[in-house]
Amino acid sequence: MTEKPAGRAPKKKKIVLSEENLGSVETESTVNQLSEAKKVPLVRNIGEPEKTGGGLRAILWLALSGTVGGLVTWVSWTTLLTSDAIDDSTVANILTTMSVAVLVGMALVIGDALQGSAASKLGQRVGIGIGVALVGGLLIGAVASALYSAGIERIIDDLLDSGLTFADDDFFDEFVRRNHLNRGGAWSLVGLAAGLTVGVASLQPKRILITSGGGLVGGFFGGFFFDFMPGEASAQILGLLITGLAIGASIALTEEAAKTAWIEITHGGMAGKQFILYKRSISLGSSPSADITLIKDTTMPAVAATLERAGTQMMITVVDPQSPIFVNGQEAARVFIKDGDTVSIGKTGIRYRERGKKAVTSGVVR
């Protein structure tokens with residue numbers, strides 16, 4: 001027997017590939033397994049569409065939700081808040097303005113939760129929203145009613161002082177013309193109550209000022225154009241639809257204008273949605289307890305990662321070591337991200353965005 005020389009490494013076995021090997025069932029199975037193991041949402045087939053436009057989607061969704069709220073309000077006016085049911089004009093004014101704040105506000109709370117895929121948090125948001133809407137709608141509705149009534153008296157006094165009388169044909173036309181601003185100002189407070197409801201129900205303090213401002217603007221436009229509708233019946237239904245639409249759209253547009261940092265879901269079951277980052281620390285995961293609940297992804301852990309503001313930079317950190325994240329295609333445990341960076345968690349693709357920062361494209365990932 002010939003002994004191997006001491007210290008010499010054993011000869012490595014050569015791998016021989018043949019056409020027969022490549023076509024075998026075992027080889028094909030192995031290749032498929034390796035491919036599946038390497039899959040992440042941003043490693044995809046050429047031509048797979050990347051979904052964006054979350055901002056426009058949010059605007060349209062809240063506008064539609066507000067319109068539905070306006071329709072529900074009109075139904076309540078024609079069935080419950082009729083002149084026959086309520087004799088006192090002051091009480092009637094308070095209830096009608098309150099109904100706009102409550103019903104439009106709650107429609108926006110529900111729409112806001114659903115468009116953000118926070119259906120698991122819907123019950124909590126509705127519970128908080130109802131309380132805020134009822135209290136805020138009653139208090140702010142009373143103030144709006146008082147201001148509106150005072151405005152009407154002032155307009156009538158001015159018209160009478162100008163020499164017009166109630167019997168003059170021009171009296172009513174002039175009253176309606178002057179009342180646009182008066183109604184717009186009063187209804188801006190109603191919109192404020194609706195926007196306040198949306199902000200408080202979302203449990204994001206920084207958002208309250210934004211949604212309240214949007215509601216204020218939307219309420220003014222709805223109230224201002226209310227009396228332009230011909231006929232009492234059409235004025236009510238069209239005016240309330242426009243009011244709800246204006247409040248919802250104004251809240252969404254105000255948020256779009258004020259946002260500084262957000263994420264866009266580019267791939268996966270929630271592709272096309274966006275989430276504005278209001279808090280300094282945001283958790284991402286499939287659990288309802290996560291700040292941003294990413295559903296429709298069976299590979300997503302309860303809490304997968306956190307986004308945390310560190311000075312002027314944003315850092316993403318893995319929470320579940322068993323579920324790695326990939327930033328621009330590279331696995332990372334904790335790393336700073338910048339505008340335009342792509343993040344993959346489970347089967348969900350995310351792009352981080354910042355206002356005023358120029359996105360840096362790291363190349364097409366295929």
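Residues are numbered from 1 along each chain as its sequence is written, and side-chain values use heavy atoms, with hydrogens and water left out. Because the model is predicted, local features need pLDDT of at least 70 and side-chain atom pairs count only at pLDDT 80 or more, while totals for chains, interfaces and linings use all residues.

The structure holds 11 salt bridges, a salt bridge being a side-chain nitrogen of Lys or Arg within 4 Å of a carboxyl oxygen of Asp or Glu. One of them joins the side chains of Asp112 and Arg125, with an N to O distance of 3.4 Å. Asp112 belongs to helix α4 (residues 89-115) and Arg125 to helix α5, so this pair ties together parts that are 13 residues apart in sequence. Helices (H or I, at least four residues) and strands (E, at least two) are DSSP runs, numbered from the N terminus. Asp112 has a relative accessible area of 6% and is buried; Arg125, at 12% relative accessibility, also counts as buried. Here buried means under 20% relative accessible area, exposed means over 50%, and partly exposed lies in between (1.4 Å probe, protein chains only). The two residues are also members of a network of salt bridges in which Asp112, Arg125, Arg207 and Glu255 are linked.

A salt bridge is also formed by Glu174 and Arg178, whose closest N and O atoms are 3.0 Å apart. Both residues lie in helix α6 (residues 169-201), and because they are 4 residues apart, about one helical turn separates them. Arg178 has a relative accessible area of 33% and is partly exposed.

In the salt bridge between Asp291 and Lys279, the closest N and O atoms are 2.9 Å apart. This pair links distant parts of the chain, 12 residues apart: Asp291 is in the loop between β3 (281-285) and β4 (292-293), and Lys279 is in the loop between β2 (274-276) and β3. Asp291, with a relative accessible area of 31%, is partly exposed, and Lys279 is partly exposed at 36% relative accessibility. The C-alpha atom of Lys279 is separated by 8.7 Å from that of Pro205, although the two residues are 74 residues apart along the chain. Pro205 lies in helix α7 and counts as exposed, at 66% relative accessibility.

Asp339 is placed in the loop between β9 (334-337) and β10 (342-345). With 3% relative accessibility, Asp339 counts as buried. Its side chain makes a polar contact of 2.8 Å with the side chain of Arg353. A polar contact is a pair of N or O atoms within 3.5 Å; within protein, one must be able to donate a hydrogen and the other to accept it, and residues adjacent in sequence count only if both atoms are side-chain atoms. A polar atom of the Asp339 side chain also lies 2.8 Å from the backbone nitrogen of Glu354.

Two surface patches are described next. Leu216, Val217, Phe221, Phe225 and Phe228 form a nonpolar patch, with about 430 Å² of accessible area together. Patches are made of residues with over 30% relative accessible area and no salt bridge; like charges are joined within 9 Å and nonpolar side chains (Val, Leu, Ile, Met, Phe, Trp, Tyr) within 5 Å. Accessible areas come from the Shrake-Rupley method with a 1.4 Å probe, and for residues only the protein chains shown count as cover.

Glu153, Asp157, Asp158 and Asp161 form a negative surface patch. Lys and Arg count as positive and Asp and Glu as negative, while His and the chain ends are not counted; the place of a charge is taken as NZ of Lys, CZ of Arg, CG of Asp or CD of Glu. Glu153 lies in helix α5 (residues 122-161) and, at 52% relative accessibility, counts as exposed.

Most residues other than glycine have a negative phi. Leu203 has a positive phi, near 60°; Leu203 lies in the loop between α6 and α7 and is partly exposed, with a relative accessible area of 47%. Asn328 also has a positive phi, near 55°. Asn328 is in the loop between β7 (325-327) and β8 (330-332) and counts as partly exposed at 23% relative accessibility.
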